Amino acid sequence: MKQPRYSAKWYRERLNRLEKQLNSADYQYFDELRGCLSFAGLNYDETRLNQILFGMLQDLIDANQQEISAVNLFGKQPKQMADEILITLPPIKWFERFKLYFLVAGITWIIQFFRENPVKGTITLNLLQYLLLAFFFNLFVVIIFKLIKNQFYQPKSSHWINIVLLGLLFATLGSSFYLLGNLKFLQLNVTLPFMISLGLTIMIMISLIAIAET
Amino acid sequence: MKQAPLLKGALEGCVLAIISEQDFYGYQLIQQLHQSDLKSINGGTLYPLLAKLEKNGALTSYIAPSPDGPDRKYFHLTPTGFEQLTDFKKHWFDFSKQTTEILRRFTK
């Protein structure tokens with residue numbers, strides 16, 4: 001039988017709805033599993049991941065009717081199961097990956113634009129600065145996601161990985177501010193009439209909203 | 001000796017064999033395996049395996065409404081899956097025959 005192509009959003013909404021039917025212990029178990037998979041899933045196909053989770057949640061609800069808990073159904077090693085499932089997931093499509101990067105870059109560009117350019121006749125864009133902002137803040141987001149993913153199923157005694165990641169995070173932020181503040185000699189400025197720049201900014205904002213909606 | 005290491009290689013063939021009879025959803029598959037005395041199998045083993053079989057094209061899945069509960073995700077064996085099952089059966093019966101022969105000859 002051919003399956004209709006449901007979107008990641010379609011599965012996400014049903015997962016949210018079905019999760020509410022679980023008791024508190026099972027909710028916690030499944031939510032942690034879902035969180036672990038989802039935060040690791042930046043590089044994976046979200047639709048496929050949600051499809052797998054949806055099937056598992058449907059089965060859990062079915063098992064609940066026979067008084068079988070999440071631990072009994074999925075076992076006591078959810079982290080291992082999550083890792084084994086991740087191996088089977090196809091990588092995210094390049095277009096989807098680009099959308100994610102653009103979303104982060106776009107937000108930083110808009111903030112930078114309004115921070116540096118109060119309303120006046122013309123504006124100056126430091127293109128290099130904008131490229132660096134996009135790069136560092138995307139790196140920042142990747143590290144944040146890894147940090148959050150590592151929080152799941154992590155024994156309290158082995159938080160050193162998170163400490164290293166936190167260090168990387170602050171080093172990234174520090175580097176970005178340093179580069180943006182000090183590499184003046186690499187500036188590549190473009191002066192545009194204010195209305196054209198404003199138009200470009202509005203276009204970026206509309207694109208971001210459209211991407212966020214999808 | 002524990003059952004798990006032996007079962008690991010054979011479980012894929014068992015799952016393909018069960019689904020070759022009719023389409024099943026995950027929890028039903030676990031029940032089928034338990035009814036065949038493979039009680040050590042739980043979702044932690046089965047769901048990654050189902051995901052792998054789907055990725056390899058041996059299975060497809062579809063969502064169908066259920067009369068007594070939520071919609072369910074059923075698994076269906078593809079022609080590739082049938083080929084894999086045929087291949088597994090041949091290798092399994094050969095292997096089983098050879099192993100039984102050795103055990104007969106060298107153990108009393």
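In α2(B), the residues B:Gly26, B:Leu29 and B:Ile30 meet B:Gly43, B:Leu46, B:Tyr47 and B:Leu50 of α3(B). Sorted by class, this contact of α2(B) with α3(B) has 5 nonpolar and 2 polar residues, and no charged ones. The model is a predicted one.

Two packed helices are described by the angle between their axes and the distance between the axes. For α2(B) and α3(B), the angle is about 125° and the axes are 11 Å apart. An angle between 115 and 145 degrees is neither roughly perpendicular nor roughly antiparallel, and α2(B) and α3(B) are therefore oblique to each other. The crossing in which α2(B) passes α3(B) is right-handed.

The next topic is the interface between the chains. Here 21 residues of chain B are in contact with 22 residues of chain A. On the side of chain B that touches chain A, at least two residues each come from α2 (26–35), α3 (43–55), β2 (59–64) and β3 (72–77). The largest share of that side, 7 residues, is supplied by α3(B). By class, the side of chain B that touches chain A is made up of 8 nonpolar, 8 polar and 5 charged residues.

A:Ile87 lies in helix α5 of chain A, which covers residues 78–88. Is A:Ile87 buried or exposed? A residue with 12 or fewer C-beta neighbours within 10 Å is classed as exposed; A:Ile87 has 10 inside 10 Å and so counts as exposed. Along the chain, A:Ile87 and A:Tyr44 are 43 residues apart, while their C-alpha atoms are separated by 9.6 Å.

Terms used:
Residues numbered from 1 in each chain as written. Chains lettered and ligands numbered in written order. Predicted model: local features only at pLDDT ≥ 70, side-chain atom pairs only at ≥ 80, totals over all residues. Contact = placed C-beta atoms within 7 Å. Helix = DSSP H or I, 4+ residues; strand = E, 2+ residues; numbered from the N terminus. Nonpolar A, V, L, I, M, F, W, Y, C, P; charged D, E, K, R; others polar. Axes fitted to C-alpha atoms, helices over the stretch in contact; angles between N-to-C directions. Parallel < 35°, antiparallel > 145°, perpendicular 65-115°, else oblique. Left-handed = near helix turned anticlockwise from the far one by under 90°. Buried ≥ 20, exposed ≤ 12 C-beta atoms within 10 Å, placed from the backbone.
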